[in-house]
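Colleague: I would like to go through the labels on this model one by one. Can we set each value against its cut-off?

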Amino acid sequence: AILAEPGKEFSFETSALRVDAKITDMKYAEDDSKYFDKLTVSLNLFLREGADLRKGEMDIPDEFKISS
């Protein structure tokens, strides 16, 4: 978890990707600072070295899979 604030940068990785993110704009809800009225995040995605995209294997939750 991170504390959201404008300009905050963070990164995370999956088995095939590295994601660099930056919070560019935000506004907390007026009645509760636990929720956002607005949150804008800039994402830059990079393939990790050695990632084999030809495998076609991803850990996708069942509710998002498309059945043929």
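Modeller: Start with strand pairing. Two strands pair if DSSP finds at least two bridges between them. Keep in mind that this is a predicted model.

Colleague: How do you know that β1 and β2 pair?

Modeller: Five bridges join β1 to strand β2 (residues 17–29). The cut-off is at least two bridges, so β1 and β2 count as a pair. The two strands run antiparallel. Within this pairing, Phe10 stands opposite Ala21 in β2. A hairpin of three residues makes the link from β1 to β2.

Colleague: What is the overall make-up of the chain?

Modeller: Three strands and zero helices. The order from the N terminus is β-β-β.

Colleague: Why is β1 said to lie largely in the open?

Modeller: Buried means under 20% relative accessible area. Strand β1 covers residues 9–13, and the number of its five residues that are buried is zero, so β1 lies largely in the open. For the whole chain of 68 residues, the buried share is 10%. The chain exposes about 6,200 Å², with 50% of that from carbon and sulfur atoms.

Colleague: What share of the contacts with a separation of 6 or more comes from residues 24 or more positions apart?

Modeller: Such residues account for 31% of those contacts.

Colleague: Now the rings. Why is the pair of Tyr28 and Phe36 given the label it has?

Modeller: A pair of aromatic rings is described by the distance of the centres and the angle of the planes. The structure holds one aromatic pair. The ring centres of Tyr28 and Phe36 are 5.0 Å apart, and their planes meet at 15°, so the pair is stacked. The limits are 6.5 Å for the centres and under 30 degrees for stacking.

Colleague: Are Tyr28 and Phe36 buried, partly exposed or exposed?

Modeller: Tyr28 has 31% relative accessibility, so it counts as partly exposed. Phe36 has 34%, so it is partly exposed too. Phe36 sits in strand β3.

Colleague: What makes up the nonpolar surface patch?

Modeller: Leu3, Tyr28, Phe36, Leu39, Val41, Leu43 and Leu45. Together they make a patch of about 630 Å². Members need over 30% relative accessible area. Tyr28 clears that with 31%, and Phe36 with 34%.

Colleague: Which strand gives the most to the patch?

Modeller: Strand β3 (residues 32–47), with five residues.

Colleague: On to charges. How many salt bridges does the structure hold?

Modeller: Four. One of them joins Glu13 and Arg48, at 3.4 Å from N to O. The cut-off is within 4 Å, so the Glu13 and Arg48 pair qualifies. Arg48 has a relative accessible area of 34%, so it is partly exposed.

Colleague: Why does the link between Lys38 and Asp25 count as a salt bridge?

Modeller: Their closest N and O atoms are 2.8 Å apart, so the pair meets the limit of 4 Å. Lys38 is in strand β3 and Asp25 in strand β2, so the pair ties together parts that are 13 residues apart in sequence. Lys38 has 41% relative accessibility and counts as partly exposed. Asp25, at 30%, is partly exposed as well.

Colleague: And how do you know that Glu30 and Lys27 form a salt bridge?

Modeller: The closest N and O atoms of Glu30 and Lys27 are 3.9 Å apart, so this pair also falls within 4 Å.

Colleague: Last residue. Where is Lys8?

Modeller: In the segment before β1. Its relative accessible area is 28%, so Lys8 is partly exposed.

Colleague: What does Lys8 touch, beyond residues up to four places away in sequence?

Modeller: Ile2, Leu3, Ala21, Lys22 and Ile23. Contact here means heavy atoms within 4.5 Å.

Colleague: How are Lys8 and Asp25 placed?

Modeller: Their C-alpha atoms are separated by 9.9 Å, and the two residues are 17 apart along the chain.

Terms used. Residues numbered from 1 in each chain as written. Predicted model: local features only at pLDDT ≥ 70, side-chain atom pairs only at ≥ 80, totals over all residues. Heavy atoms only, no water. Phe/Tyr/Trp six-rings, centres within 6.5 Å; stacked < 30°, edge-to-face > 60°. Buried < 20%, exposed > 50% of the residue type's maximum accessible area, 1.4 Å probe, protein only. Patch = residues over 30% accessible without salt bridge, like charges linked within 9 Å, V, L, I, M, F, W, Y side chains within 5 Å. Areas by Shrake-Rupley, 256 points an atom, 1.4 Å probe, with all protein chains shown as cover. Salt bridge = Lys/Arg side-chain N within 4 Å of Asp/Glu carboxyl O. Helix = DSSP H or I, 4+ residues; strand = E, 2+ residues; numbered from the N terminus.
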